[in-house]
Amino acid sequence: MSYSTQLLMTLPELVLAAGSIVLMLVAAWGGQASTKLVSWASVALLAGAGIALAGPASTGGVAFGGLFRADAFATFAKVVIYAAAAVSILIAPGFFQRTSGEDLRPEYPVLILLSTVGMGMMVSAGDLLTLYVGLELQSLSAYILASFMRRDTRSAEAGLKYFVLGALASGILLYGISLVYGFAGTTLFDGIADAYSAATSGSQHTGLLFGLVFVFAGLAFKMSAVPFHMWTPDVYEGAPTPVTAYFASAPKVAAVAMAVRVAVDAMGPAILEWRQIVIFASLASIIFGAVAAIGQTNIKRLLAYSSINNVGFALIGLAAGGEEGVASVLLYMAIYVVMTIGGFLVVLQMRGEDGEQIETIASLSGMSRTRPGLALALAIFMFSLAGIPPLLGFFAKLGVFIAAVHAGLTVFATVGAAASTIGAYYYLKIVKTMYFDEPAPAFAGKTNLVEGGLIAISAVVISPIGWLVFGALGTWSLVAAKALF
Amino acid sequence: MTGFPILSVLLAVPAIAAVLCLFVGAQGARWTALLATLVNLALGAWLWTQFQHGDGAPQWQFVEHVTLFKMGGVEFSWALGIDGFAFLLIELSLFLMPICIGASWLSVTKRVPEYMAAFLATEVLMIGTFAAQDLFLFYVFFEGGLIPMYLIIGIWGGVNRIYASYKFFLYTLLGSLLMLIAMIVMVLNTGTTSIPVLMAHDFPANWQTWLWLAFFASFAVKMPMWPVHTWLPDAHVQAPTAGSVILAGVLLKLGGYGFLRFSLPMFPVASVQFMGLVFALSCVAVVYTSLVALVQSDMKKLIAYSSVAHMAIVTMGLFAFNANGIDGAMMVMLGHGVVSGALFLCVGIIYDRLHTREIDRYGGLAINMPRYAVLFLLFTMASIGLPGTSNFVGEFFSLAGVYQVSTWTALIGTTGIILGAAYMLYLFRRVVWGDLTKDDVKAMPDLDGREVAMLVALAAVVLWMGVYPTSFTAPMHADVARLTQRLDSAAHTAAISDSKPTPGSPQAAPAHEASAHEGAH
């Protein structure tokens with residue numbers, strides 16, 4: 001295969017990487033004034049990268065001797081990631097405009113672009129080192145984004161916390177990678193898979209098992225699955241809201257997709273070993289994410305716990321394994337992203353008189369009377385996150401349950417389903433606050449056209465009208481999942 | 001049946017009206033809702049004329065089928081179709097809806113558009129539940145009903161409404177999720193989501209046990225059966241009048257419908273296995289909740305507990321596995337739907353005037369509200385099961401059916417009717433008889449035209465069902481026969497009997513039923 005063909009397979013990453021460097025220069029010379037230009041250019045670049053996916057980038061196969069994989073699985077994840085990244089850029093100007101003392105600077109879209117390149121590498125990696133490089137590129141950009149509001153101590157704290165704990169997790173992951181490399185003799189996924197199927201007992205088996213545990217610990221941190229979730233609420237609360245929306249969506253998809261690929265591609269023969277880990281992480285995330293969310297008073301913290309809870313459900317699909325399991329994970333994440341971005345978009349509208357962000361759940365009181373449209377949208381997102389039909393969140397959960405039952409994990413699915421009742425409680429609490437309680441002072445300011453439009457689109461997609469697109473999405477996720485087998 | 005997609009239209013009319021309600025003012029929303037429910041009622045009347053029964057009528061009528069999407073190898077289709085059971089329950093929902101809207105006409109004053117939208121959404125989901133022929137579509141409607149009811153209880157309910165709304169939602173959700181897993185297991189092992197196909201499928205006996213229990217977890221909560229009935233009194237007391245009417249009238253029937261549609265035909269062996277459990281729980285419910293009803297000081301709570309007792313007679317009848325029992329259970333469901341709806345309406349009418357549900361605050365209403373007293377008396381008698389009213393037919397059939405299977409259960413079940421007479425008459429005496437001593441009660445005006453219209457409509461149906469029940473048993477006659485035949489061939493239910501009512505062969509049962517019909521005329 002010629003080098004140029006291989007390069008073509010990475011076209012989306014090339015577009016984004018080159019584009020972000022150019023935009024960085026524009027930002028350096030243009031200064032504050034170039035913010036708008038850089039933002040829109042970044043969105044255009046993301047759209048361009050999305051279009052570039054249509055060519056060899058989605059069908060090319062393996063490039064650079066196995067380091068990079070351009071397949072349908074990566075394409076599915078990338079489309080979701082690009083869309084989420086673009087939305088995160090679009091919602092930033094409004095937020096910073098209303099927040100006094102902090103302005104949006106052109107570095108924001110550039111950092112998101114760089115992190116998107118990293119995520120593209122994560123989901124396309126065919127080698128543990130490509131994976132690690134992609135992960136670090138994504139993480140480093142994310143650390144800076146978390147502390148983007150320099151004068152805000154909470155934001156700085158979030159960035160620092162994220163960095164320290166993220167570095168620890170990277171260390172754990174690297175340690176796992178080194179163990180795997182040591183006992184498998186390669187970092188290529190195919191070679192590792194061979195090593196796992198060859199070594200069924202003895203010291204090599206033990207060594208590989210240790211490596212597997214550490215790799216999964218590192219991955220769990222990136223997905224914020226229990227017991228490696230502790231950074232999530234603090235970082236989500238402290239980071240500027242558009243950044244939180246971003247953290248809860250794109251990097252989450254990337255981390256889960258990466259974990260799926262590592263589990264299935266590299267460690268597929270060891271499914272019985274990692275399945276235990278995934279089942280534990282899944283149930284722990286579902287239950288802990290739900291129980292811990294009950295006492296929260298801050299909406300961003302609540303959504304952070306909700307994201308932990310949701311990763312738990314996505315992991316049900318991974319534990320199931322097989323094409324169906326993987327497809328259900330992809331489907332779950334795609335729908336989750338729409339719901340969670342919608343939720344954060346509503347949070348962005350929570351503004352006081354002088355434009356400061358309000359984050360208490362109590363301030364939502366009676367919003368159904370002061371802002372009926374907004375309240376309806378948030379209610380739809382909450383019921384959908386709780387998995388109540390006829391909203392799409394239900395079908396996402398149904399998908400992972402079907403996969404789990406199909407894989408013979410009926411008891412696991414039953415426990416997961418029963419535990420989702422606990423989660424329903426705190427989602428209901430939000431609806432109760434908005435619809436049952438006496439109105440609190442209304443939020444100031446109007447929803448701008450871009451944000452209002454995005455909220456409306458998310459709500460419509462989640463509503464029963466979304467059934468119309470759901471079929472295509474399901475078929476596509478199955479195609480994507482087949483690429484891994 | 002091809003042609004006019006009547007079931008989809010029945011769903012579409014309130015769905016469109018619900019969205020419309022949000023965009024018109026309070027008065028506009030009232031009229032929109034009333035109009036939509038009346039249009040649906042008219043369509044229901046047309047459906048009544050079109051529904052075929054008797055020899056040669058197909059089991060499933062008005063069938064529609066569109067595949068929406070496939071997921072994980074599982075199809076999800078817009079599959080609708082009704083048999084006799086579903087037909088009758090849909091008619092009940094269609095009949096009660098305009099009355100609910102009428103009951104809320106003046107008493108609901110805050111956030112009217114949302115209220116009407118929530119009610120119309122409830123109607124869509126209820127009809128959908130009865131009409132669904134796809135397992136997951138059924139679940140979507142069945143569970144989706146939680147959202148509007150949660151809002152109705154929580155926004156327009158009484159003092160303790162928030163606690164009640166949570167309890168209602170979480171109780172029913174937990175039960176249903178276990179059912180969902182069971183549904184997935186069934187679908188993956190048969191490869192179909194079609195309810196009619198699954199109804200004829202023989203699952204291995206040891207599976208049936210588990211599947212039955214999972215479905216039972218859901219239906220027992222919805223029914224509600226003792227000891228998971230505790231959400232019902234809370235939800236009822238806190239719900240607005242119309243909310244109670246629809247809750248008692250239709251939503252409680254979802255559990256019974258579930259047993260009829262799923263538990264009995266799909267898991268006949270397990271049903272027989274658990275017959276004792278159901279009988280035991282029903283017996284406890286009949287006696288216990290009747291006694292609890294006897295000591296209530298809150299009118300709505302009293303009627304709510306009486307609902308639990310009536311539903312226990314339904315479960316008894318269903319698990320008698322014979323034509324009498326199932327016929328009777330359906331008739332109790334229909335009768336209770338109308339009567340308890342009417343009773344809640346009666347409570348709501350005086351609540352609107354005095355704003356209390358404390359029984360002691362009333363007394364002597366017969367003097368200043370004679371029209372009210374007459375109608376309330378009729379519904380009280382119907383609730384007790386006086387011959388000539390709807391509940392007599394149902395309770396008589398159910399208990400006759402149960403008697404063939406278990407005399408002890410029938411004996412205890414019958415005490416429920418005696419206790420029912422006790423608490424209902426006691427309630428009536430305290431509210432309507434006696435001296436008119438309280439000043440604020442003296443000032444209460446009698447029924448106005450709107451209230452008379454609603455109650456008379458209900459009274460007419462109560463008498464119709466009591467005097468000529470054949471109108472209601474005929475549409476389901478063939479379905480009852482199919483169900484008993486299915487139960488007998490799969491689990492030999494005809495042989496279950498401890499009373500030996502008639503010496504001879506099981507063929508005597510239809511003849512017995514026919515003569516019972518005659519007797520009720």
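Colleague: Where is F321(B) found?
Modeller: F321(B) sits in the loop between α15 (299-318) and α16 (323-354) of chain B. Keep in mind that this is a predicted model.

Colleague: Is F321(B) buried or exposed?
Modeller: F321(B) is buried, because 25 other C-beta atoms lie within 10 Å.

Colleague: And what is the phi of F321(B) near?
Modeller: Near 65°, a positive value in a residue other than glycine. Most residues other than glycine have a negative phi.

Colleague: What about the phi of F62(B)?
Modeller: That one is positive too, near 55°, and F62(B) is not glycine. F62(B) belongs to strand β1 (residues 61-71) of chain B. F62(B) counts as buried because it has 23 C-beta neighbours inside 10 Å.

Colleague: Now helices. How many residues of α3(B) are buried?
Modeller: 20 of its 20 residues, so to speak a mostly covered helix. Helix α3 of chain B covers residues 84-103 and reaches 29 Å from its first C-alpha to its last, close to the 28 Å expected.

Colleague: What span should helix α7 of chain B have?
Modeller: Its 30 residues, 161-190, should span 44 Å at 1.5 Å a residue. The end C-alpha atoms are 43 Å apart, which agrees. α7(B) is mostly covered, with 23 of its 30 residues buried.

Colleague: What follows α7(B)?
Modeller: G191(B), with a positive phi near 75°.

Colleague: Over to chain A. How many helices and strands?
Modeller: Chain A has 22 helices and 2 strands. Its C-alpha atoms fill a box of roughly 65 × 55 × 40 Å along the principal axes.

Colleague: What is the radius of gyration of chain A?
Modeller: 21 Å. A compact globule of 485 residues would have one near 23 Å, so chain A agrees with that. Buried residues make up 63% of chain A.

Colleague: At what angle do α2(A) and α3(A) pack?
Modeller: About 170°, with their axes 8 Å apart. Angles over 145 degrees count as roughly antiparallel, so α2(A) is roughly antiparallel to α3(A).

Colleague: Which residues meet there?
Modeller: Among them are L16(A), G19(A) and L23(A) in α2(A), and L45(A), G48(A) and A49(A) in α3(A). The residues of this contact divide into 12 nonpolar, 3 polar and no charged.

Colleague: Where is I192(A), and what does it touch?
Modeller: I192(A) is in helix α10 (residues 189-198) of chain A. Not counting residues up to four places away in sequence, I192(A) touches V180(A), A184(A), T186(A), A266(A) and M267(A). I192(A) counts as buried because it has 30 C-beta neighbours inside 10 Å.

Terms used:
Residues numbered from 1 in each chain as written. Chains lettered and ligands numbered in written order. Predicted model: local features only at pLDDT ≥ 70, side-chain atom pairs only at ≥ 80, totals over all residues. Helix = DSSP H or I, 4+ residues; strand = E, 2+ residues; numbered from the N terminus. Expected span 1.5 Å × (residues − 1). Buried ≥ 20, exposed ≤ 12 C-beta atoms within 10 Å, placed from the backbone. Rg over C-alpha atoms; globule rule 2.2 N^0.38 Å. Contact = placed C-beta atoms within 7 Å. Axes fitted to C-alpha atoms, helices over the stretch in contact; angles between N-to-C directions. Parallel < 35°, antiparallel > 145°, perpendicular 65-115°, else oblique. Nonpolar A, V, L, I, M, F, W, Y, C, P; charged D, E, K, R; others polar.
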